[in-house]
Amino acid sequence: MRSSLRGAGAAAAATALVLVVAGSWFGYQQLAGPSCSGKIQLSLAAAPEIAPAIKGAADQWVSDGAAVGGTCIAVNVTSAESVDVAAAVASKHGATLAGVGQASGTAVTPDVWVPDSSSWLLRLKSGGATAFAPANGSSIARSPVVVAVPEPVATRFGWPDKKLGWADLLRQVTSDKPLRAGIVEPTQDAAALSGLLSLTAAANSTGNPPGDPKASEAMVGALRALATNRSSLRQDLLARFPRSSDPTAIANGLGAAALSEEDVIAYNSTKPPIPLAALYLEPSPMPLDYPFAVLPGIEPAKASAAKVLFEVLTTPGFKNRLAAQSLRAPDGNWGQGFKAPQGAPSPANGGGSAVPPTGQGGAADLDPVAIQQATSFWSVATQSGRMLSVIDVSGSMKQKVATANGATREQVTVAAATQGLSLFDDSWSIGLWTFSTNLQGSQDYRQLVPIRPLSGNRRALQQGLASIRPSSGNTGLFDTLLAAYKTVQQDWEPGKVNSIVLFTDGKNDDDNGISQKQLIDQLKKIRDPEQPVQLIIIGIGNDVSKAELDPITAITGGRTFVTIDPTKIGEIFLQAIALRPPAPR
């Protein structure tokens, strides 16, 4: 299991990251097979729940004389949480994964990675790892994602006879007397991400068009309800389920959480006082699919060894090894000894998951845009921060946008900022500036609303955004950036991400202002690693120079986003706000 229930706590797994070390848990010290010579040392990192099955199969293969082209093969299999390996891979390939953070400084990536979900591979690719192209990627196991509910609570819902859907769960979570639902951080847990995707899809299917305030309100309400009982570690979340049959304990305990089928089977195997029911909600969420990913850059001999190992892991005998770990085969069928939870769909009826197209693995049905939006919405709606929003009002912002029914760049930008404002709860502190050139005397920027808690500042921000109009000036970008940085830095607030988000449609165009070099020199001089201020720039249109802006945002641990289509800035705004300065894992 992916928790401490099978003796592999997440804290221990995090320290046992991906590494091939002498004497590692699954290290092979000797090779079998007298007919081969030399040695190919293949390292493989696998999600904790499937690692024993892979180890058993690889161990048998090696003892039977594993070889490629007459060269002996040794396999080191390490149990590692998928989020930890993802952090290491992201660091190596320059990717940004919202909510994941930075890898351990000693972590190295393996030759082969078997995470619990193809969503990790997709997130790395869409997060900026453009050169990340693992070979194979086909699924070697499967575990449907279910909603785990204490059996007495599930019985009230009509389990196991009644078919339930995600819309039913959404109503339960957001009612006047809500079900106490919880979640593992979905940016760090694939099963939780799958549940979040299904729940947000249900919220978006309320009959209101996408982008409608009521649709956003339903989604934000669901996210905040889940966030009340969120946990960064799976075993901590599991510990919140009721441990007594007393009605008060059941009422006060956790009432629902998106977990894998394997999680529920393993939890119930400990004979808890209150077993968990596995609810297979409709439509079926994205299952855990355990892709066999050969990471790029490995030696050809290792790639050949990995290819043969994959064949070993797709034999009928491996299906039985999976069954011993409460996992299914990739097609949803199960091997000997598998004990399906009550109410589980049979393999003949899909087994809670569809069979992926040949050669595609589980990634075929994944939507990178939906995943990115879900993780961004989650980060924005459930975390607190302190932010200064700075909006370009230079003359070029009057330009009309063909894809926005003739609305101007300014109107599209203000609309995106207004919609984003509705996602922030009252714990956020937000201020608002505009900028051009000589906007206030010789000053290029103007404060519309100071940075204050939204609990008493929301209406002022709404009015400030509604008052924004383009000027006739140019783009006093660099002077504004420096002033904004100093302002946010001055009243830096601990415990929150202190940031600047600046929207612009042009390059710096201020003959009387500082240069890019002067700005960079100033930022390097005044930045304080103990009190970081993150700078994010969202560029709109063809006139923005990413090459000019990247060196500036890089100093602060921020990022530059550029879109040619201004109607996309709403999506980019969410993605940008979801960024958090990386914390070491």
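I began with the surface: the chain exposes about 23800 Å², and carbon and sulfur atoms supply 50% of it. Accessible areas come from the Shrake-Rupley method with a 1.4 Å probe, and for residues only the protein chains shown count as cover. I noted that this is a predicted model, in which local features need pLDDT of at least 70 and side-chain atom pairs count only at pLDDT 80 or more, while totals for chains, interfaces and linings use all residues. Residues are numbered from 1 along each chain as its sequence is written, and side-chain values use heavy atoms, with hydrogens and water left out.

**Entry 1: the whole chain.** I looked up burial next. Of the 585 residues of the chain, 54% count as buried. Buried means under 20% relative accessible area, exposed means over 50%, and partly exposed lies in between (1.4 Å probe, protein chains only). The chain has 20 helices and 17 strands. These are DSSP runs numbered from the N terminus: helices are H or I with at least four residues, strands are E with at least two. I also looked up contacts, meaning heavy atoms within 4.5 Å. Among contacts between residues at least 6 apart in sequence, 79% join residues at least 24 apart.

**Entry 2: a sheet of five strands.** In what order do the strands of the open sheet run? I read β8-β7-β9-β6-β10, with mixed pairing. Two strands count as paired if DSSP finds at least two bridges between them. Strands of a sheet pair through backbone hydrogen bonds, either parallel or antiparallel. β8 (230–231) and β10 stand at the edges with a single partner strand each, so one side of each is left without a neighbour in the sheet.

I then followed β9 (residues 256–260). It pairs with β6 (residues 145–150) in the antiparallel sense over four bridges, and Val-145 stands opposite Ser-260. With β7 (residues 181–184), β9 pairs in the parallel sense over two bridges, and there Ala-181 stands opposite Ala-256. Five of the five residues of β9 are buried. Ala-256, Ala-258 and Ser-260 point one way, while Ala-257 and Leu-259 point the other way.

Helix α7 packs on this sheet and touches β6, β7 and β9. Its direction makes about 125° with that of β9. Axes are lines fitted to C-alpha atoms, for helices over the stretch in contact, and angles run from 0 to 180 degrees between N-to-C directions.

**Entry 3: nonpolar cores.** A nonpolar core is a set of buried Ala, Val, Leu, Ile, Met, Phe, Trp, Tyr and Cys residues joined through side-chain atoms within 4.5 Å. The largest one has 89 residues, and those with the most contacts inside it are Leu-169, Phe-241, Leu-279, Phe-424 and Ile-538. Helix α7 (residues 190–203) gives the most to this core, with seven residues. Apart from it lies another core, of 57 residues, among them Ala-46, Val-77, Val-100 and Phe-132.

**Entry 4: Gly-476 and helix α17.** Is Gly-476 buried or exposed? At 0% relative accessibility, Gly-476 counts as buried. It is found in the loop between α16 (458–466) and α17 (477–490). Leaving aside neighbours within four places in sequence, its contacts include Phe-435, Asp-444 and Asn-508. Gly-476 and Lys-507 are 31 residues apart in sequence and 8.7 Å apart in space, C-alpha to C-alpha.

In α17, 10 of the 14 residues are buried, including Leu-477, Phe-478 and Tyr-485. I checked its length: at 1.5 Å a residue α17 should span 20 Å, and its end C-alpha atoms are 20 Å apart, which agrees. The expected span is 1.5 Å times one less than the number of residues.

Entry 5: Most residues other than glycine have a negative phi, and most peptide bonds are trans.

- The peptide bond from Trp-159 to Pro-160 is cis, with omega near 5°; Pro-160 lies in the loop between α5 (151–156) and α6 (166–174).
- The bond from Glu-282 to Pro-283 is also cis, with omega near -5°; Pro-283 is in the loop between β10 (276–279) and β11 (291–294).
- Asn-136 has a positive phi of about 65°; it sits in strand β5 (residues 135–139) and is partly exposed at 37%.
- Asn-405 has a positive phi of about 55°; it is in the loop between β12 (385–392) and α15 (409–421) and counts as exposed at 81%.
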